[in-house]
Amino acid sequence: MKTIHIGTSCPYDVLIERGNLKNSGSLIAKVLSSKKAAVITDDTVGALYSETLLNSLAEAGINASVFTFPHGEQSKNLATLGNIYDFLCDAGITRSDFLIALGGGVVGDITGFAAATFLRGIQFVQIPTTLLAQVDSSVGGKTAIDIKGGKNLVGSFKQPALVICDSNTLHTLPSEELACGMAEVIKYGMIRDKALFELIESHDLDNVLSVINEIVYTCINIKRSVVEKDEFDKGERMILNFGHTLGHAIEGWHNYTDYTHGMGVAAGMCMITKRFCSAEITSRLVKCVEAYKLPASSEAPMSKLLPYCTKDKKCESDNISYIVCEEIGNAEIRRVPVAEFTRLMSEEE
């Protein structure tokens with residue numbers, strides 16, 4: 001088993017191995033002493049993996065109840081969060097008990113926020129089952145829900161007690177979900193690791209699972225190095241937002257329905273790169289993105305996307321931050337007045 005230690009204010013380990021899900025009960029019992037938990041999952045993941053998880057927990061002497069909500073970004077909202085709180089009350093969850101997020105990024109985000117706020121904070125464990133969640137959202141402690149004003153605008157920093165990755169779960173992903181996760185993988189190559197980008201370039205959506213263990217480990221290790229230096233997103237951690245300034249706007253323009261987070265990030269990376277970087281870098285990124293069946297642009301007019309950008313959490317006062325990679329493997333944080341960003345991006349049209 002590969003272990004990556006995350007040295008944040010509340011340190012924890014990320015455990016990576018095929019078949020980890022069926023051993024999750026014993027792995028959790030080594031870290032948390034409570035014998036009572038609540039599993040939060042969605043209807044898709046729950047149908048696939050909740051029985052395996054519950055059996056493993058029972059073998060470790062942990063009694064667990066399950067809350068399931070409809071899958072998709074549309075469920076990452078105040079209504080679902082309220083339902084989770086009510087469920088935790090009905091299940092008799094106390095401050096000494098813990099939550100388990102079983103699923104992708106949506107499940108991890110909302111479960112983490114529930115853990116950060118229920119009874120003013122209880123422990124939680126991440127068991128990410130999608131590529132996006134394994135390489136990105138399950139590590140680092142960002143939790144959030146969406147509101148009408150925008151994506152991830154209400155949230156908290158809450159580090160998990162443990163992250164358990166089982167790459168076997170990635171083999172049940174629909175191709176569009178695997179592609180969604182690859183957008184974040186491409187991001188890591190662009191911002192920090194040229195060798196990783198070249199590995200991704202040499203594969204495509206049809207054969208990338210052959211090197212997925214190496215990819216997952218490398219991406220988590222990159223995020224560890226960034227998060228340990230800037231846990232609360234005040235400086236270097238902003239490079240993890242490459243493609244997200246426009247990506248979140250594109251998701252919002254699509255009402256979080258027919259456009260996944262990965263699609264938004266992929267398009268956002270390409271659109272920013274095309275605007276600020278060389279034709280060579282842009283061409284390599286676009287070809288890589290398209291090899292994983294992701295979009296390299298958006299049909300949304302820039303005039304419609306910019307208002308979403310100004311409501312994003314990356315704005316402070318009258319300024320906005322965005323990330324540019326003029327060289328593969330090297331990211332630069334740029335901070336400009338919103339009016340200047342609007343002018344620069346409007347030149348695209």
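User: Is Arg-120 buried or exposed?

Analyst: Buried means under 20% relative accessible area, exposed over 50%, and partly exposed in between (1.4 Å probe, protein chains only). Arg-120 has a relative accessible area of 81%, so Arg-120 is exposed. This is a predicted model: local features need pLDDT of at least 70, side-chain atom pairs count only at pLDDT 80 or more, and totals for chains, interfaces and linings use all residues. Residues are numbered from 1 along each chain as its sequence is written, and side-chain values use heavy atoms, with hydrogens and water left out.

User: Where is Arg-120 found?

Analyst: Helices (H or I, at least four residues) and strands (E, at least two) are DSSP runs, numbered from the N terminus. Arg-120 sits in the loop between helix H4 (105–117) and strand S6 (123–128). Its phi is positive, about 65°, although Arg-120 is not a glycine.

User: What is the phi of Asp-233, and where does Asp-233 lie?

Analyst: Phi of Asp-233 is positive, near 65°, and Asp-233 is not a glycine. Asp-233 lies in the loop between H8 and helix H9 (244–253). With a relative accessible area of 17%, Asp-233 is buried.

User: How do I check the span of helix H8?

Analyst: The expected span is 1.5 Å times one less than the number of residues. Helix H8 (residues 212–229) has 18 residues, so it should span 26 Å. The end C-alpha atoms of H8 are 26 Å apart, which agrees.

User: Which residues of H8 are buried, and what covers them?

Analyst: An α-helix has 3.6 residues a turn, so residues three or four places apart point the same way. In H8 the buried residues include Ile-212, Ile-215, Val-216, Cys-219, Ile-222, Lys-223 and Val-226. Their cover includes strands S1 (2–6), S2 (12–16) and S9 (162–165). Helices H5 (131–137), H6 (175–192) and H7 (194–201) are also among the cover.

User: How many disulfides does the structure hold?

Analyst: A disulfide is a pair of cysteine sulfur atoms within 2.5 Å. The structure holds zero. The sulfur of Cys-277 has its closest cysteine sulfur in Cys-325, 6.9 Å away, too far for a bond. For Cys-288 the closest is in Cys-270, at 8.9 Å, also too far. Cys-277 is buried at 13% relative accessibility, and Cys-288 is buried at 3%.

User: Which residues make the nonpolar surface patch of about 230 Å²?

Analyst: Patch residues have over 30% relative accessible area and no salt bridge; nonpolar side chains (Val, Leu, Ile, Met, Phe, Trp, Tyr) are joined within 5 Å, like charges within 9 Å. A salt bridge is a side-chain nitrogen of Lys or Arg within 4 Å of a carboxyl oxygen of Asp or Glu. Leu-78, Ile-147 and Leu-153 make this patch. Leu-153 is in strand S8 (residues 150–157). At 31% relative accessibility, Leu-153 is partly exposed.

Definitions and conventions
Contact means heavy atoms within 4.5 Å. Accessible areas come from the Shrake-Rupley method with a 1.4 Å probe; for residues, only the protein chains shown count as cover.
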